[in-house]
Amino acid sequence: MITQIFKNLFRRKTRTLLTVSGIAVGVAMIVALGAMGEGLRTGYVSMFSGSGADLVMMQKGSYDITMSGVDEDIVSQVAAMPEVHSVNGLVVGNVTAPGAPYFFVFGYDPKGFSIQRFKLVEGQMLGAGRNTALARREILLGKQASEALKLRVGEILRLPGGGFRIVGIYATGSGFEDAAAVVSLADAQQLLLKHRQVGAIQIKLRDTQQIETVRAKLERLYTAHGHKLRF
């Protein structure tokens, strides 16, 4: 039986070669997708663990933060809770950029605590040159992205939503973030078509010993009102 199998394989060399090639491509794609998924997971862990947040709220059942959609009104509602020190909404998604078909963009409140993890190596933060919290049409570029796109502070990065002036270059130590860019939350919502939505809500508490108490309180509050959220 084994001898017959090998004879058939070598008798039809073209078919055998095509079959082996197809299997090899399939295996390579599975490995590549696995590596990509692991890279995204590591990047998200780094992003959330380094943000200074004690709790994170996302849409329940969403595959990842890019697919999550939470009503922006919940940000102000959570911020009003006596146990909460501060709250930031966050939007993450990918767009096309010159020479980069999949370019990640993060949307943060320029005055929030979460954006502080992006350490500048050149330039200034969003909105630093003007008396505004919106910092519209300004962008921070990761160090790796700056090198790959060959763009520096003062130049314009063209994205599907128009041109953004690069005001700073940052480095976090995370390849996922350093190959991306940061814009104001309002710009990201427009760019990523997330009207009055955020992908995640990052919460900093007044007392970190109340994490589980606050988590339970939020679950009761928003489950009762029909919101599908996870923490």
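## Salt bridges in the model

A salt bridge is a side-chain nitrogen of Lys or Arg within 4 Å of a carboxyl oxygen of Asp or Glu, and a search of the whole structure finds 8 of them. This is a predicted model in which local features need pLDDT of at least 70 and side-chain atom pairs count only at pLDDT 80 or more, while totals for chains, interfaces and linings use all residues. Residues are numbered from 1 along each chain as its sequence is written, and side-chain values use heavy atoms, with hydrogens and water left out.

Glu72 pairs with Arg196, their closest N and O atoms lying 3.6 Å apart.

In another salt bridge, the closest N and O atoms of Glu83 and Lys217 are 3.0 Å apart. Glu83 belongs to the loop between H3 and strand E3 (84-97) and Lys217 to helix H7 (residues 211-224), so that this pair links distant parts of the chain, 134 residues apart. Glu83 is buried at 16% relative accessibility, whereas Lys217, at 29%, is partly exposed (buried means under 20% relative accessible area, exposed over 50%, partly exposed in between, with a 1.4 Å probe and protein chains only).

Glu147 and Lys143 meet in a salt bridge of 2.8 Å, N to O, and both lie in helix H4 (residues 143-149), 4 residues apart, about one turn of the helix.

Definitions and conventions: Helices (H or I, at least four residues) and strands (E, at least two) are DSSP runs, numbered from the N terminus.
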